[in-house]
Amino acid sequence: MRTRAPIVLVLVMAAFADGQDAAKREELEATLVAFKGTVDVKRPEDKDWVAADRNMKLKRGSEICTSVASAATLLFTGNLKIEVRALTQARVDELAKQGGAVNSDVRLKFGSIEVDLLKGDLRTDMKVSAPNSTTSVSGSNGIVRAPATEGGCRITLRTTTGTWNHDASGVGRDIFGSDVADNYGNQLRDFRALADSHDFIDFFGRDRFELYQSRFTTKAGDAAPWDVPFFDFVNNSPTSGRIKRPSGLPLPPGVP
Amino acid sequence: MSRWKLAALAAALLAGVPLLAQDKAPAPPAKEGRTAYLRRLFEKDRATYGDACRAILSVIKGEHTDADFAANVGDLTGRGVVSADWGLVESSLLTKGTLAYMVCQGLDLKGGLTMRLFGINRRYALRECIHRRLIERGTVDEYVTGRELLDVVTNAAVHQQQGHTDSQFK
């Protein structure tokens, strides 16, 4: 009997702790704040797909589908906005607040979504499950695309809202937007060497080449040379006269 | 073989005849509005010419269309995207060559030297689409799955907006 008492005590404490965690968890709802074109929605209570409407609430398990030249903007929390682009089907698998963090999972069946972080986020982690999906992030804005032939992907977002104080310098300032950082002041660009191409914080660079070997000489929106027709490439190449810039100071006057 | 076994075999064959007859004449698909055809397309093993006409016309017009097959083909023929002498019906299985031809004509892709000199055909169109990363590698007579058609339409829409299919914009 003496040996059983501690076991029973531990079990009771574990159950009590689970109950406390469950009480802290708070289910959230995404709001469809804007849309254009043909957008359909299927909420858990709907038997069939219905046309989207503005300010529609999408709880966990809701699905959204957009047609050609259509898009929908979902506001997950005050700081997290997701734009569902054209020809996309996505499902909100998880959207809940637990403690100071908001956990959200989006299952992307096909198509692409754009994640936009607004002011007030202390730190946001984004994880894309399928390595074949395309991820490109610039600052606090990320685009994830899952081709239909690859079977889609899952996007996990963990957002923590708050402020960060730099204890060493004694200067406190709010961290938000593109300055998103962790509790130690490390900004996301400091993490790029730590993360794999499809690991957490896949925030800078499209692939391993850009992550590890390039010097980020191009902006996120620039096209690669092989993506433009040959003559356009020639006309826009660095050696063409139209955009060629002087590489250094001109020679001093008087030099023959 | 005993008589009982022969009788059972004959009964099984007779019972199978009407089933085979039903397989040969499938019921025409019900009309699907809004985004339902996209979700059905995702599940299809083989995309049809009707699916491609609807999707490509939507991309060209820049808006969702729920028009029927005859109206879509008439519109596409008027734009020179499809040829009237192809003789394809709505349920004809879609090949990569046909899809590439429609994409090139729909996006007004002029192609390279060969296509400019000798004109467009399905083979050249497919090579051009592969070069521009609009379509995955394949052969002209290869059938297109529903998911492949979805990806091609997505790429075509991106190409129409951006002028290329850089993965950043998809």
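Biologist: Which residues of H8(B) meet Lys96(B), Leu99(B), Val103(B) and Leu107(B) in H5(B)?
Modeller: Contact means heavy atoms within 4.5 Å. Helices (H or I, at least four residues) and strands (E, at least two) are DSSP runs, numbered from the N terminus. Those four H5(B) residues face a set in H8(B): Glu148(B), Leu149(B), Val152(B), Ala156(B), His159(B) and Gln160(B).

Biologist: What kind of model is this?
Modeller: Residues count from 1 along each chain as its sequence is written, chains are lettered from A and ligands numbered from 1 in the order written, and side-chain values use heavy atoms, without hydrogens and water. Local features need pLDDT of at least 70, side-chain atom pairs count only at pLDDT 80 or more, totals for chains, interfaces and linings use all residues, and the model is predicted.

Biologist: How are H5(B) and H8(B) placed relative to each other?
Modeller: Axes are lines fitted to C-alpha atoms, for helices over the stretch in contact, with angles from 0 to 180 degrees between N-to-C directions. Here the axes come within 11 Å and cross at roughly 15°. Angles under 35 degrees count as roughly parallel, over 145 as roughly antiparallel, 65 to 115 as roughly perpendicular and the rest as oblique. H5(B) and H8(B) are therefore roughly parallel.

Biologist: At what angle do H3(B) and H8(B) pack?
Modeller: These two helices are therefore roughly parallel as well. Their axes are 10 Å apart, at an angle of about 15°.

Biologist: Which residues of H3(B) and H8(B) make that contact?
Modeller: The H3(B) side brings Asp51(B), Ala52(B), Ala55(B), Val59(B) and Ile60(B). The H8(B) side brings Leu149(B), Val153(B), Ala156(B), Ala157(B) and Gln160(B).

Biologist: How far does H3(B) reach from its first C-alpha to its last?
Modeller: H3(B) covers residues 49–61, 13 residues in total. The expected span is 1.5 Å times one less than the number of residues. H3(B) comes close to the 18 Å expected, reaching 18 Å.

Biologist: How many of the 13 residues of H3(B) are buried?
Modeller: Buried means under 20% relative accessible area, exposed over 50%, partly exposed in between (1.4 Å probe, protein chains only). The buried residues include Tyr49(B), Cys53(B), Arg54(B) and Leu57(B). H3(B) is largely enclosed by the rest of the structure, because the buried count is 12.

Biologist: Which helices are among those covering the buried residues of H3(B)?
Modeller: H8(B) packs against H3(B) with the axes 10 Å apart. The cover on H3(B) includes H2 (36–43), H4 (69–78), H5 (96–107) and H8 (146–162) of chain B.

Biologist: Which residue follows H3(B)?
Modeller: Its phi is positive, near 70°. The residue is Gly62(B).

Biologist: Which loop holds Asp108(B)?
Modeller: Asp108(B) is not a glycine, yet its phi is positive, near 60°. Its place is the loop between H5 and helix H6 (113–118) of chain B.

Biologist: Is Arg133(B) buried, partly exposed or exposed?
Modeller: Arg133(B) is in the loop between helix H7 (122–131) and H8 of chain B. Its phi is positive too, near 60°. Its relative accessible area is 41%, so Arg133(B) counts as partly exposed.

Biologist: How many helices and strands does chain B have?
Modeller: From the N terminus, the elements run α-α-α-α-α-α-α-α. Buried residues make up 42% of its 170 residues. Among its contacts with a separation of 6 or more, 58% come from residues 24 or more positions apart. The tally is 8 helices and 0 strands.

Biologist: How many helices and strands does chain A have?
Modeller: Of the 256 residues of chain A, 40% are buried. Of its contacts between residues at least 6 apart, 57% join residues at least 24 apart. The tally is 3 helices and 16 strands.

Biologist: Which residues does Thr31(A) contact beyond four places in sequence?
Modeller: Thr31(A) lies in strand E2 (residues 30–36) of chain A. Its relative accessibility is 12%, so Thr31(A) is buried. Its contacts are Asn55(A), Met56(A), Lys57(A), Thr73(A), Leu74(A) and Leu75(A).

Biologist: How far apart in space are Ala146(A) and Leu108(A)?
Modeller: Ala146(A) belongs to strand E13 (residues 141–146) of chain A. With a relative accessible area of 1%, Ala146(A) is buried. Ala146(A) and Leu108(A) are 38 residues apart in sequence, but C-alpha to C-alpha they are separated by 6.8 Å.
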